[in-house]
Amino acid sequence: HRTTRVLRRCRKYGDDARKWIEDRNCTFEALISDIIMPGISGVEVARLFRSRFAHERIVLMSGYAQDEIGPIEELPPDIRFVQKPLTSQMLSNALTA
């Protein structure tokens with residue numbers, strides 16, 4: 001499935017996610033991103049996503065300790081954070097919060 005391939009690639013490389021958001025005329029229901037990625041960070045991807053998609057949900061996640069990713073409380077209030085490892089229920093809750 002084409003969408004699955006794109007999502008798999010974007011989940012590994014922040015620059016691919018940035019290009020996808022900038023270069024495609026697509027609609028999205030949500031952004032789910034790791035914070036730490038090669039290239040551009042998940043926080044930067046989220047900011048770009050928010051500038052193009054003002055009302056869609058954003059969930060960022062990380063398995064790193066908070067001192068490695070920065071203060072979570074500094075994220076905008078409309079961006080949800082989930083600590084890895086996570087369950088599908090945790091992700092679902094973050095998307096519907």
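This report walks through the fold of a predicted model, then looks at a few residues around the sheet.

Residues are numbered from 1 along each chain as its sequence is written. In this predicted model, local features need pLDDT of at least 70, side-chain atom pairs count only at pLDDT 80 or more, and totals for chains, interfaces and linings use all residues, while side-chain values use heavy atoms, with hydrogens and water left out.

**Overall layout and confidence**

The chain has five helices and three strands (DSSP runs numbered from the N terminus: H or I of at least four residues for helices, E of at least two for strands). Read from the N terminus, the elements go α-α-β-α-β-α-β-α. Of the 97 residues in the chain, 33% are buried; buried here means under 20% relative accessible area, exposed means over 50%, and partly exposed lies in between, with a 1.4 Å probe and protein chains only. Take the contacts between residues at least 6 apart in sequence: 50% of them join residues at least 24 apart (a contact means heavy atoms within 4.5 Å).

How confident is the predictor? The average pLDDT of the chain is 79, and 80% of the residues score at least 70 (pLDDT is the predictor's confidence in each residue, from 0 to 100). Confidence is highest in β3, at 92, and lowest in helix α1 (residues 2-12), at a mean of 49. Residues 1-6 have pLDDT below 50, and that stretch makes two contacts in the model beyond near neighbours in sequence. Where pLDDT is low, the predicted coordinates should not be read in detail.

**The sheet and its helices**

The three strands form an open sheet in the order β1-β2-β3, with parallel pairing (strands pair if DSSP finds at least two bridges between them). β1 (30-34) and β3 (79-83) are at the edges with a single partner strand each, so one side of each has no neighbour in the sheet. On average, neighbouring strands are turned by 20° against each other, direction ignored. Axes here are lines fitted to C-alpha atoms, for helices over the stretch in contact, and angles run from 0 to 180 degrees between N-to-C directions.

Strand β2 (residues 57-62) pairs with β3 in the parallel sense over five bridges, and β1 and β2 also pair in the parallel sense over five bridges. Here are some of the partners across those pairings:

| Residue | Partner residue | Strand of the partner |
|---|---|---|
| Ile32 | Val59 | β2 |
| Met61 | Val82 | β3 |

Two helices pack on this sheet. Helix α3 (residues 42-52) touches β1, β2 and β3, and its direction makes about 175° with that of β2. Helix α5 (residues 88-96) touches β1, β2 and β3 too, with its direction at about 145° to that of β2. As for β2 itself, five of its six residues are buried, so the strand is largely enclosed by the rest of the structure.

There's a handedness to note as well: β1, α3 and β2 make a right-handed β-α-β unit. Right-handed means that, with the strands pointing away from the viewer, the path from the first strand over the helix to the second runs clockwise.

Asp34 sits in strand β1 and, at 17% relative accessibility, counts as buried. Which side chain does Asp34 meet in a polar contact of 2.6 Å? That of Lys84 (a polar contact is a pair of N or O atoms within 3.5 Å; within protein, one must be able to donate a hydrogen and the other to accept it, and residues adjacent in sequence count only if both atoms are side-chain atoms). Leaving aside neighbours within four places in sequence, Asp34 is in contact with Gly42, Met61, Ser62 and Lys84.

Lys84 turns up again with Gly63, which contacts Gln83 and Lys84 once neighbours within four places in sequence are set aside. Gly63 lies in the loop between β2 and α4 (66-69) and is exposed, at a relative accessible area of 51%. Gly63 and Ile35 are 28 residues apart in sequence, and their C-alpha atoms are 9.0 Å apart in space.

Finally, the peptide bond from Lys84 to Pro85 is cis, with omega near -5°. Pro85 belongs to the loop between β3 and α5. Most peptide bonds are trans.
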